[in-house]
Amino acid sequence: MNPTLALEVPFLDLKAQYRALAPEITSAVADVLESAQFVGGPFVENFEQEFASYVGARHAVGVSSGTSALELALKVAGIGPGDEVLVPANTFVATAEAVSNVGAKPVFTDVDAASFHLDIKSAERMITSRTRAIIPVHLYGRAMDLRPVAEFADAYRLRIIEDAAQAHGSAYNGAKVGASGQLTCFSFYPGKNLGAYGDAGAVTTNDSDEACKLRLLRDHGSPAKYQHSVIGTNARLDSIQAAILSIKLCRLDQWNELRRKHAAVIASALADSAVIPPDVPAGGEHVFHLFVVRTPQRNALRNYLRANGIGTGIHYPAPLHLTEAYQQLGYAGKGSLPTAEQLAEEILSLPMYAELTDEQIEYMIDAILNFAG
């Protein structure tokens, strides 16, 4: 490759997206400032209605972050001290952290080598008398088949709480993630397919009582000012973030389609190489929040791409059962969840966003193939 860096491909380019939306974003933010309704109010309510309609759920409750979404969903599901919750080991720490923060214990399961989703057979080996819930994660933007999860949960009387922090607009068998009726948790962190300009999140559900409980919990347990019917917290969605999300939601399907197009081109080009691309399922089942390849030469490839101006990431470099924060809970060490551990050594996230140009994609493919020989 050209050592003079004829082209650069950043891992993420939020500025490119902003430049295309700047006038609308500026106008939307000005509307919020003029209204002086900065927390809650019509901008939040409007986005909640739009997002619920988009995913096909009866209710969407806006909250302050994806982590808050998980914590509040667990509380609404009645999960607390003494309970155990099954969590895949290959996910962002917030999935487990939320369980810990409500006083329960995350119990880590292995994952499937092809989809990277939670492995039900592994989960079944982790069941105890204290297991109360399971959190399937729609990882990297690929919708998980929830049918075996539902059968498993029914058999052991578990609550299902979906982590859809990376799966905005993803679908399985034509139904968008969030339409299951279960408590489904979304993050709108800036780098997501649908990202705010700060922290934000939401929980979708078809249960009106649970939606009401979520709204109480996010706002100090308060149905009206200075009335507090339950002990809640401050996890409200800011109006400016809601207004920005409403602008972006209108373009989410278009952006996701571009991601799928880019992913298909890259996956096809790498199909016969030593770098293993992810599956590209049909029907919108993957929205490629991340495009994660596998190679035993992960670190060497990452260094090579960096030297040629191509950004990468690792999602995630350590499975959660080996993370320092969870060692005090006495989990089995290395070798206990072999697939998650192997993935942690081999996975590499390539640049993936709607604004990637054909030239950048071709340059990246050429670099990978040149490395792989």
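**Close-up views of a predicted model**

View 1. Glu 8 sits in the segment before helix H1, which covers residues 14-35. This is a predicted model, so please read every view with that in mind. Is Glu 8 buried or exposed? With a relative accessible area of 51%, Glu 8 is exposed, because that value is over the 50% cut-off. Beyond its neighbours within four places in sequence, Glu 8 is in contact with Gly 309 and Gln 360.

**View 2. The whole protein, for orientation.** Stepping back for a moment, the secondary structure comes to twelve helices and eleven strands. The radius of gyration is 21 Å, close to the 21 Å that the globule rule gives for 373 residues, so the protein is as compact as a globular protein of that length. Along its principal axes, the C-alpha trace spans about 65 × 55 × 35 Å. Buried residues account for 54% of the 373 residues. Of the contacts between residues at least 6 apart in sequence, 69% join residues at least 24 apart. The protein exposes about 15900 Å², with carbon and sulfur atoms supplying 50% of that area. There are 30 positive and 41 negative side chains, and the centres of these two sets lie 4 Å apart.

**View 3. The largest nonpolar core, with Leu 350 among its members.** In soluble globular proteins, nonpolar side chains tend to be buried together. Here the largest nonpolar core has 69 residues, and the members that touch the most others are Leu 74, Val 85, Phe 108, Ile 266, Phe 291 and Leu 350. What does Leu 350 touch, not counting residues up to four places away in sequence? Its partners are Phe 11, Ile 266, Phe 291, Val 293, Leu 305, Thr 312, Met 364 and Ile 368. Another core, of 23 residues, lies apart from the largest one, and its members include Ala 52, Ala 60, Ala 242 and Leu 252.

**View 4. Helix H11 and what its buried residues pack against.** The buried residues of H11 are Ala 340, Glu 341, Leu 343, Ala 344 and Glu 346. Which elements do the buried residues of H11 pack against? They pack against E10, H10 and strand E11, residues 347-350.

**View 5. A cis peptide bond at Tyr 316.** Most residues other than glycine have a negative phi, and most peptide bonds are trans. The bond from His 315 to Tyr 316 is cis, with omega near 25 degrees. Tyr 316 belongs to the loop between helix H10 (298-307) and helix H11 (338-346).

View 6. Tyr 140 is not a glycine, yet has a positive phi of about 65 degrees. Its place is the loop between strand E4 (131-134) and helix H6 (147-156). With a relative accessible area of 3%, Tyr 140 is buried. Phe 288 is not a glycine either, and has a positive phi of about 50 degrees. The loop that holds Phe 288 runs between helix H9 (252-270) and strand E10 (291-294). Phe 288 counts as buried, at 0% relative accessibility.

**View 7. His 59 in strand E1.** His 59 is found in strand E1, residues 59-63. Its relative accessible area is 16%, so His 59 is buried, the cut-off being under 20%. Leaving aside neighbours within four places in sequence, His 59 is in contact with Ala 52, Val 203, Thr 204, Thr 205, Asn 206, Asp 207, Ser 208, Ala 211 and Arg 215. How far apart are the C-alpha atoms of His 59 and Cys 212, which are 153 residues apart in sequence? They are 9.5 Å apart in space.

View 8. Asp 219 is in the loop between helix H7 (208-218) and helix H8 (239-249). The relative accessible area of Asp 219 is 22%, which makes this residue partly exposed. Not counting residues up to four places away in sequence, Asp 219 touches Thr 233 and Arg 236. Leu 337, 118 residues from Asp 219 along the chain, has its C-alpha atom 39 Å from that of Asp 219.

Definitions and conventions: Residues numbered from 1 in each chain as written. Predicted model: local features only at pLDDT ≥ 70, side-chain atom pairs only at ≥ 80, totals over all residues. Heavy atoms only, no water. Helix = DSSP H or I, 4+ residues; strand = E, 2+ residues; numbered from the N terminus. Rg over C-alpha atoms; globule rule 2.2 N^0.38 Å. Buried < 20%, exposed > 50% of the residue type's maximum accessible area, 1.4 Å probe, protein only. Contact = heavy atoms within 4.5 Å. Areas by Shrake-Rupley, 256 points an atom, 1.4 Å probe, with all protein chains shown as cover. Lys, Arg positive; Asp, Glu negative; His and termini not counted. Charge placed at Lys NZ, Arg CZ, Asp CG, Glu CD. Core = buried A, V, L, I, M, F, W, Y, C linked by side-chain atoms within 4.5 Å.
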